[in-house]
Amino acid sequence: MLCDPAPLLAQESGSEDSLERFPESFGREALRKNGFDLQLIAVNDIWGNTTGGDHRGVGVMGNLNIVLEIDTEAAGWWKDGAFTLYGIGIYGRRPAKAVGDFQFTSSIDAPETFEPYEAFYEHSFLEGQLKWLAGIHDLTLDFAILDYGFTFINSSFFTPSTMTQLPYSFYPNTGLGTRAILEATDKIYVMAGLYDARPATAGGLKTVDLGLSRSDGLYTIGELGWRSHDANERHAKLAVGAWYSSGTFKDISGDDRSSNYGTYVLGELELWREEPISELKFWQQQPSEQQVNDQGLGAFFQVAQAAQDRNLNPWYFGGGIRYKGLIPDRDEDVLGFGLAMAYFGSSYRTLTPGTEQSERTFELSYRAMISPWLTLTPDLQYVLDPSGNPELEDALILYLRTEVTL
C-alpha cells in the first residue's frame with residue numbers, strides 16, 4: 001500500500017472530554033477565548049520486527065502534528081465558520097521496510113518529510129445540519145472511518161486498503177478538494193467529496209503537488225450512513241460508500257488507465273455495556289437525563305472492493321472486537337483484537353506467478369490513557385504472507401506507541 005491515513009485528531013484521545021490535556025500555558029487560554037486553538041500532537045512508534053518479513057530489525061518512527069483551528073465567530077469575524085491549518089512532520093525508520101507488508105502495520109508509516117497537511121475553511125448552514133469545506137483536505141478523516149478502528153495501529157483499520165493503494169488525497173500527501181456533510185435526520189447522514197485525483201505520484205510521495213491539470217482528473221466519493229449519537233444509546237454505525245477517479249495511472253499490467261473505482265460497507269455496534277441502558281432494543285432507545293458511561297464490549301467490520309482488472313488489491317475484509325474499561329479503575333483504556341485481510345486479484349496473480357492469494361494481519365492492542373495528555377499503546381501484530389510474496393516468511397512485529405498532546 002502506498003499511503004496510509006492518519007486521523008489522529010479523531011481518535012479517542014482527541015475527544016472533547018480530553019481537550020484539557022496539559023496545563024494551560026503560553027497564553028493558550030487567551031488564544032482560545034479569541035477563537036484560536038493551537039494543538040501539538042507527537043506520535044512515536046518504537047517497533048521491532050522479531051521474525052520473518054524482509055529482515056529483522058528495530059527502529060523508531062515518528063509523526064509530529066501542529067494544528068491551528070480558528071473559530072471565526074469567537075475571533076469576532078463572522079458566524080458559523082472555521083479555518084484549519086495543519087502541518088505534519090514525519091521522521092524515523094519505517095517498519096514497512098523491515099516487514100515488507102502491503103497493509104502497513106503502522107498508520108504513520110511514510111517517507112520522511114515536513115509539509116502542509118491540511119488548510120481549509122469550513123462553514124455550517126441550517127443550524128449545523130449542513131457543513132461544507134474547501135481547501136487542502138484529507139478525505140480519510142471523514143470517509144470510510146469507524147470509531148472502533150482507532151483502537152488499533154494497523155493502517156487498514158483506519159481506512160480499507162483498497163482505497164489507499166493509489167496516492168489520492170490522504171496521508172502523507174493531501175490535495176485540493178471540497179466536502180459536504182448533510183445530517184438528514186438525527187441519525188442519517190449523507191457525505192460527498194470532490195478532490196484532485198493525483199496530489200502525488202506513486203514514485204514521489206515526498207512531493208506535494210497542489211496544481212490541477214486535466215491529466216490529474218477528479219476523485220469523487222460519497223457515503224450514506226446511519227449512526228447513533230446520544231451517549232445514552234447503544235453506540236452503532238452502518239455506512240455504505242463508493243468512489244470514482246478519472247485520473248490517469250498505471251494499472252497492474254503497466255498500461256495507462258483513465259478511470260478507477262470502488263465501493264465499501266462498514267459498521268460497528270456496542271454489544272454490551274457495563275452499565276446497562278435498558279431492556280429495549282438499541283434502535284428503540286430514548287435519551288435519559290442520567291449520563292451513562294461507554295465501558296463495555298463492541299465489534300466492527302469492514303468490506304471494500306476495487307476494480308479487479310486494474311488494481312493489485314481488489315478486495316479487503318477487516319473486523320475485530322474491543323473492550324473499553326476491562327481493568328478496574330482503568331476506565332479509559334481499550335483492549336482490541338482485529339484481523340485485516342487484503343486480497344490480491346486473480347489478474348495480478350496471473351501476471352506475477354507465485355503470489356499468494358492474500359496478506360492477513362492479526363493485531364492485539366492495548367491503548368492505555370496514562371494521563372489526559374499521554375497515551376501508551378503496546379501492540380503485537382502477526383503478518384501472514386507479507387505482500388503475498390512467497391519469498392517472505394510470516395512476520396511478528398511488536399510496537400510501543402506513545403501519543404503526547406499538548
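Student: Let me start with one side chain: does Asp37 count as buried or exposed, and at what relative accessibility?

Tutor: Asp37 counts as buried, because its relative accessibility is 17% and the cut-off for buried is under 20%. Keep in mind that this is a predicted model.

Asp37 has a salt-bridge partner, Arg32, and the closest N and O atoms of the two are 3.2 Å apart. Arg32 counts as partly exposed, at 22% relative accessibility.

Now look at another pair, Glu233 and Lys187, whose side chains meet in a salt bridge at 2.7 Å, N to O. Glu233 sits in the loop between S8 and S9 and Lys187 in the loop between strand S6 (175-183) and S7, so this pair ties together parts that are 46 residues apart in sequence. Both Glu233 and Lys187 are buried.

Lys324 and Asp294 make a salt bridge as well, at 3.2 Å, N to O. This one also links distant parts of the chain: Lys324 belongs to strand S14 (residues 315-324), Asp294 to the loop between S12 and S13, and they are 30 residues apart. Lys324 counts as buried at 6% relative accessibility, whereas Asp294 counts as partly exposed at 40%. Then there's a network: Asp251, Arg257, Asp309 and Arg310 are joined by salt bridges that share partners. Over the whole structure, the search finds 17 salt bridges.

On to the nonpolar side of things. In soluble globular proteins, nonpolar side chains tend to be buried together. Here, the largest nonpolar core has 28 residues, and Phe143, Met163, Tyr219, Ile221, Trp243 and Tyr264 are those with the most contacts inside it. At least two residues of this core come from each of strand S7 (188-196), strand S8 (218-227), strand S9 (236-245), strand S12 (260-273) and strand S13 (296-306). A second, separate core of 19 residues includes Val67, Ile153, Val383 and Tyr399.

Some nonpolar side chains are out on the surface, though. Leu38, Leu40, Leu64, Ile66, Tyr91, Phe114, Trp373 and Leu406 form a nonpolar patch there, with about 650 Å² of accessible area together. Strand S1 (36-53) and strand S2 (57-71) are the elements that give two or more residues to this patch. Take Leu64, which lies in strand S2: Leu64 is partly exposed, with a relative accessible area of 34%.

Next, the backbone. Most residues other than glycine have a negative phi, and most peptide bonds are trans. With that in mind, check the bond from Tyr171 to Pro172, which is cis, with omega near 5°. Pro172 is placed in the loop between strand S5 (130-137) and S6. Leu126 has a positive phi, near 55°, without being a glycine. Leu126 is in the loop between strand S4 (113-125) and S5, and it is exposed, with a relative accessible area of 57%. Ser387 also isn't a glycine, yet has a positive phi of about 55°. You'll find Ser387 in the loop between strand S17 (374-384) and strand S18 (393-405), where it counts as partly exposed at 27% relative accessibility.

Zooming out, the protein chain has 3 helices and 18 strands. Of its 406 residues, 52% count as buried. Among contacts between residues at least 6 apart in sequence, 66% join residues at least 24 apart. The chain exposes about 17600 Å², with carbon and sulfur atoms supplying 60% of that.

The chain's mean pLDDT is 87, and 85% of its residues reach 70 or more. Two stretches deserve a flag. Over residues 9-22, pLDDT stays under 50, and the model has 35 contacts beyond four places in sequence for them. Over residues 278-291, pLDDT again stays under 50, and the model has 17 such contacts. Where pLDDT is low, the predicted coordinates should not be read in detail.

How values were computed: Residues are numbered from 1 along each chain as its sequence is written. This is a predicted model: local features need pLDDT of at least 70, side-chain atom pairs count only at pLDDT 80 or more; totals for chains, interfaces and linings use all residues. Side-chain values use heavy atoms; hydrogens and water are left out. Patches are made of residues with over 30% relative accessible area and no salt bridge: like charges are joined within 9 Å, nonpolar side chains (Val, Leu, Ile, Met, Phe, Trp, Tyr) within 5 Å. Accessible areas come from the Shrake-Rupley method with a 1.4 Å probe; for residues, only the protein chains shown count as cover. A salt bridge is a side-chain nitrogen of Lys or Arg within 4 Å of a carboxyl oxygen of Asp or Glu. Helices (H or I, at least four residues) and strands (E, at least two) are DSSP runs, numbered from the N terminus. Buried means under 20% relative accessible area, exposed over 50%, partly exposed in between (1.4 Å probe, protein chains only). pLDDT is the predictor's confidence in each residue, from 0 to 100. Contact means heavy atoms within 4.5 Å. A nonpolar core is a set of buried Ala, Val, Leu, Ile, Met, Phe, Trp, Tyr and Cys residues joined through side-chain atoms within 4.5 Å.
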